[in-house]
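Subject: Structure handover

Hi,

Here is the structure for you to look over. My notes on what turned up follow below.

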Amino acid sequence: MVFSSLTFLYLFFPLLLLSYYAFKSPLYRNWILIIASFIFYAWGEPVWVILLLSCAIVGYYFGILINKNKDHVKRKKWILAIGITINLSVLVFFKYIDFLIQNFNLLLHADLPYSGIGLPIGISFFTFQVISYLVDVYRGDVPSSTSKVNVLLYISLFPQLIAGPIVRYTDIQHQMENRSFSLSNFSQGINRFVIGLGKKVIFANTAGETAALFLDGNVTEVSVLGAWFGISLFAIQIYFDFSGYSDMAIGLGKMFGFTYPENFNYPYVSRSATEFWRRWNMSLGAFFRDYVYIPLGGNRKLPVRNLFIVWFLTGLWHGASWNFIIWGLYFGILIFIEKKFLLSLFSRLPVWFSHLYLTAAMLIGWVFFYYTDMKQGLLFIKSLFGLNSNVFVDVILSVQFNNNLIFFIAAIIACTPIPKWIFNKLIRVLPKKMQTKFSNDIAVPIFNFFILIISTTLLVGSTYNPFLYFRF
């Protein structure tokens, strides 16, 4: 089940809200959320519920063991190592086993059969949450939970279960037992959810359908500007797809009394790859910083090695394919070069230059991300620069650009803080006493209503509704 589906919007979610708010007891509400989360997860692949439950059980019992042995340093380390190994083994087996077999066969000219095991949805997210919980207990950042219900809820909670953000136990530890209803928070949650829904259905889906016309055909025949237009549309699609999902997850969390960490902060306004990754998928970046980069030595010991290990793992986390690894290392190289001299150089140049650099670098990076077939990806990059003897402009580009010009401009503007700035400016025109009331009681509800109606209409009339990050 996905958030941007009619089943979720008009059946699952309303029934869950009614069931949840029918009880006042935090324990009953937690059980309702757990049951709902397992139904949500089992909707498409019921068999993997057992895997999700098993990971939660491992997290609970190993957390208890670590806490019991907190005064025995070596024993505590071994328990943590075993707990992490179990979770990483699960991740490797289900996500990377066929990738390892493929490369083993290529390297040794062997013929090992592929496993044919499907990828459990959201496995990269919930295994990382278990690992972060165990490490935090080991460090003493949080005590191990004595409540199986709390750990199960933390691992399985459906808003962030499928595609993040990666939530740490410390983020919601208090909220699992001490949540209070607030009409203001509930209203903010609705607004955040609807914004995410609009991002996904109106912007991401539209951009994705048009991008496929330029990216999925013969990449040597696409025009130069057509190639740039196509990959720009994919950049729009993946941003609105993933940030839209994060917005919906954060909004749903608010409606149930949870506060999730922000995951995006207008990454396309960045002026460097370094800044881009401080704004894109922030919960993943924080995970690798706190649980990989700093433990390896951070900036104190072998920082270059640590940097490239992190970016190798960042790429690998996104998918079991060499194109994702290359994509991760590509950004690692950019960040390394920026730290060496580019950032210093940009500080002496006009601001537009660094924006142009980041835009071009980011779009080329998305080529590596899009094409799992590296030959196709390299051919497409050649088309970007006219190296396939491809024409500069063709009829397909002219037609699609004219048909999508207004959408394209609107999407670019929506990637920036400009809409929020315009809204705040318009509100400030009103007398101060009216500003908050007009915003909360009139403007925002009307906006939410229209976005919901438009999104519902588009969902009814379209079968194209993927979530790109479900495969991770």
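Buried means under 20% relative accessible area. C415 has 5% relative accessibility, so C415 counts as buried. C55 is buried too, because its relative accessibility is 3%. The structure holds zero disulfides. Please keep in mind that this is a predicted model.

Now the nonpolar cores. The largest one has 84 residues. Within this core, F3, F8, F126, F128, F158, F256 and F258 touch the most other members. Domain 1 (6–179) and domain 2 (184–461) both contribute residues, so the core lies between them. F158 is worth a look on screen. Leaving out residues up to four places away in sequence, F158 touches F3, F8, F12, L16, L33, S37, F40, Y245, L252 and F256. Another core, of 58 residues, lies apart from the largest one. Its members include I202, F264, W277 and I381.

Next, the aromatic rings. How many aromatic pairs does a search of the whole structure find? The count is 75. One of them is edge-to-face: Y239 with F264, at 6.0 Å centre to centre and 80° between the planes. This pair links distant parts of the chain, 25 residues apart. Y239 is in helix α10 (residues 224–255), while F264 is in the loop between α10 and α11 (273–279). Both Y239 and F264 are buried.

Two lysines also sit over rings. K76 lies over the face of Y138, 4.7 Å from the ring centre. K95 places its charged end over the ring of W317, at 5.4 Å from the centre.

Best wishes

Conventions. Residues are numbered from 1 along each chain as its sequence is written. This is a predicted model: local features need pLDDT of at least 70, side-chain atom pairs count only at pLDDT 80 or more; totals for chains, interfaces and linings use all residues. Side-chain values use heavy atoms; hydrogens and water are left out. Rings of Phe, Tyr and Trp (its six-membered ring) pair if their centres lie within 6.5 Å; planes under 30 degrees apart count as stacked, over 60 as edge-to-face and the rest as tilted. Helices (H or I, at least four residues) and strands (E, at least two) are DSSP runs, numbered from the N terminus. Buried means under 20% relative accessible area, exposed over 50%, partly exposed in between (1.4 Å probe, protein chains only). A charge sits over a ring if NZ of Lys or CZ of Arg is within 6 Å of the ring centre and within 35 degrees of the ring normal. A disulfide is a pair of cysteine sulfur atoms within 2.5 Å. A nonpolar core is a set of buried Ala, Val, Leu, Ile, Met, Phe, Trp, Tyr and Cys residues joined through side-chain atoms within 4.5 Å. Domain bounds come from an automatic or database domain assignment. Contact means heavy atoms within 4.5 Å.
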